Amino acid sequence: MSVDVPRRIVLLRHAKADWPQVADHERPLAERGRNDAPLAGRRIADAGLTPELTLCSTALRTRETWKLVVHELPRRPKTVYEERLYDAPVGQLIEVINETPDDITDLLVVGHNPGMHGLADALAGDADEDAKEHMDRGAFPTSAFAVVTFSGSWKSVEIGCGRLTSFWAPHE
């Protein structure tokens, strides 16, 4: 596959988590999160986004989010649970994305804030005005997702390489 092909990255923040007395990595979804995650999945599907690969943090709340989102998609993408996505800074998130095989055109990443918001901001060298305004206004709440497009190899993903084309959040 040519590396000049248009590609999309869907950056999905996990759904609302509960705060029981457990380690942060093991926090489950709250009831609101269990309700919002399928909405995000339906919105991803309705937008015609068809990830071929999903990279998901190993935290319980991201895994639970993904399990609820994926049931709303028209087809199940390959899923890789990636420890390096948990509590990762933007640079580390980019490193993980750079490892994506070039036969993938649409990638979905399920992660955490501030990483998802920071990554969307960092990758978006350009943005559709409405998407940027919407994302900045809402500060990337739980179950929100941003879509960044770019052309080139996954190894070429770097700060400013893409265009923020859409942003969605529940309850707005």
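Trp168 counts as buried because its relative accessibility is 13% (buried, under 20% relative accessible area; exposed, over 50%; partly exposed, in between; 1.4 Å probe, protein chains only). The model is predicted, with local features requiring pLDDT of at least 70 and side-chain atom pairs pLDDT 80 or more, while totals for chains, interfaces and linings use all residues. Residues are numbered from 1 along each chain as its sequence is written, and side-chain values use heavy atoms, without hydrogens and water.

Three aromatic pairs are present (ring centres of Phe, Tyr and Trp, the last by its six-membered ring, within 6.5 Å; planes under 30 degrees apart stacked, over 60 edge-to-face, the rest tilted). One of them is the tilted pair of Phe145 and Trp168, with 5.7 Å between centres and 35° between planes. This pair links distant parts of the chain, 23 residues apart: Phe145 belongs to strand β6 (residues 145-151) and Trp168 to strand β7 (residues 162-168) (strands are DSSP runs of E, at least two residues, numbered from the N terminus). Phe145, at 3% relative accessibility, is also buried. The rings of Phe150 and Trp154 are edge-to-face, since their planes stand at 75°, with centres 5.1 Å apart; both residues are buried.

The charged end of Arg27 sits over the ring of Trp19, 3.5 Å from its centre (NZ of Lys or CZ of Arg within 6 Å of the ring centre and within 35 degrees of the ring normal).

Zero disulfides are counted (cysteine sulfur atoms within 2.5 Å). Cys56 is buried at 0% relative accessibility, whereas Cys161 is partly exposed at 27%.

Key. Helix = DSSP H or I, 4+ residues; strand = E, 2+ residues; numbered from the N terminus.
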